[in-house]
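Morning, everyone. Please have a look at the model on the screen, and I'll talk you through it.

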Amino acid sequence: MKIESLTLSSDAVFAPVAGFSDVGLRSLCARMGAGLTYTEMVSAKGLIYGNEHTEDLLHTTPFEKIKAVQIFGSEPQIMLKAAKGKEFEKFDIIDVNMGCPVKKIVSNGEGSALLKNPALAAEIVRELRRAEKPVTVKFRIGFEKNSRTGVDFARYMQDAGAAAITVHGRTREQFYEGSADWDYIAEVVRAVNIPVIANGDVFSEEDYKKIKAHTGAAGVMIARGALGNPQIFSRITGTPCPFGTVKEIVLEHIAVLASFHSEIYTVNNMKKQVACYCKGLRGGKQLKLETFGARTLKELTDAVKNSEVLEVPAIK
Ligand SMILES: Cc1cc2nc3c(=O)[nH]c(=O)nc-3n(C[C@H](O)[C@H](O)[C@H](O)COP(=O)(O)O)c2cc1C
């Protein structure tokens, strides 16, 4: 899959997932074959005003060969200023969030609110292109439950100069309910000439094959299916998994986070990540409780090291 002059090593990509797409998980997904990784959504304004928390989201490792930073906002000039900032230099692609359904974001005219304002959405893309990097857009198939405007919106984005688009097959009103509408994603694919990345409800290698066949999309984005499960990319792409057990993966995840962040940040963030790794494992609930009680990096690491729960093969 190509996005302008960038050639991705695979068409399976790891999604922006607020609170989870940290540098550790992105790095693991890339090592296991994700052809593109995204930061979680970062505020254009937060970057301009030097919000330390925002900058915390922008660490990367050399394993992430092609990487996108996802930005949200509604003011084209502010977004361009953020995109031209030093923190963005290491990113290959600027992705714009036009799909976030959260009320606080939508009421500011950001995220999925832009689906209702295609003229402003197009202006944002045109402005961001001045940062001289491919600009991509991630959006939902429509705003209201029964109004699907994604095809027209996709054409707008293409005409404004988007290098590729990602379509999550739900409307804003659906949030994460119901199932993603792959039929409608296929309509979007047929309507534009730029690469389309299909997104929604891919949890296995079989789902990946099905969504590709169903939609004809150039790429597939995976969010929830990769949480606590970066190995999904090894299964899909055939990239050998460099870890023998889930425990080794979790320890690497901790090590990468700890190399960039404070102890407290690492411990707090790893608690929810460990909960994902534990999902579906026998005895997982007990380990989840133990790590939730951890106050130091040593306590957290010891709980992981000593657990039998995570001694399962990374790839079954
Ligand atoms: C906890 C959570 C956080 C998310 N954060 C973001 C985000 O920061 N930016 C974004 O574009 N989408 C975000 N999403 C949406 C996902 O990227 C994706 O579009 C959605 O989960 C559907 O894909 P999936 O079925 O593979 O999970 C988030 C989803 C979840 C569940």
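I'll start with the ligand and then turn to one residue in a strand.

A word on the source: this is a predicted model, where local features need pLDDT of at least 70, side-chain atom pairs count only at pLDDT 80 or more, and totals for chains, interfaces and linings use all residues. Residues are numbered from 1 along each chain as its sequence is written, and side-chain values use heavy atoms, without hydrogens or water.

Now the ligand. Which residues come nearest? There are 16 residues around the ligand, and the nearest are Ala18, Gln70, Asn199, Asp201 and Arg224. Being near means having a heavy atom within 4 Å of the molecule. The shell holds eight nonpolar, five polar and three charged residues.

Next, oxygen atoms of the ligand. One is 2.6 Å from a side-chain N or O atom of asparagine 199. A polar backbone atom of aspartate 201 is 2.7 Å from a ligand oxygen. For proline 16, a backbone N or O atom lies 2.9 Å from a ligand oxygen. How much of the ligand does the protein bury? Taken alone, the ligand exposes 620 Å², and the protein buries 88% of that (Shrake-Rupley method, 1.4 Å probe).

Last, isoleucine 222. This residue is in strand S11, residues 219–222. A strand here is a DSSP run of E, at least two residues, numbered from the N terminus. Is isoleucine 222 buried or exposed? It counts as buried because its relative accessibility is 1%; the cut-off for buried is under 20%, with a 1.4 Å probe and protein chains only. Isoleucine 222 and alanine 34 are 188 residues apart in sequence. In space, C-alpha to C-alpha, they are 9.4 Å apart.

Notes
Polar contact = N/O pair within 3.5 Å; in protein donor to acceptor, adjacent residues only side chain to side chain. Nonpolar A, V, L, I, M, F, W, Y, C, P; charged D, E, K, R; others polar. Helix = DSSP H or I, 4+ residues; strand = E, 2+ residues; numbered from the N terminus. Buried < 20%, exposed > 50% of the residue type's maximum accessible area, 1.4 Å probe, protein only.
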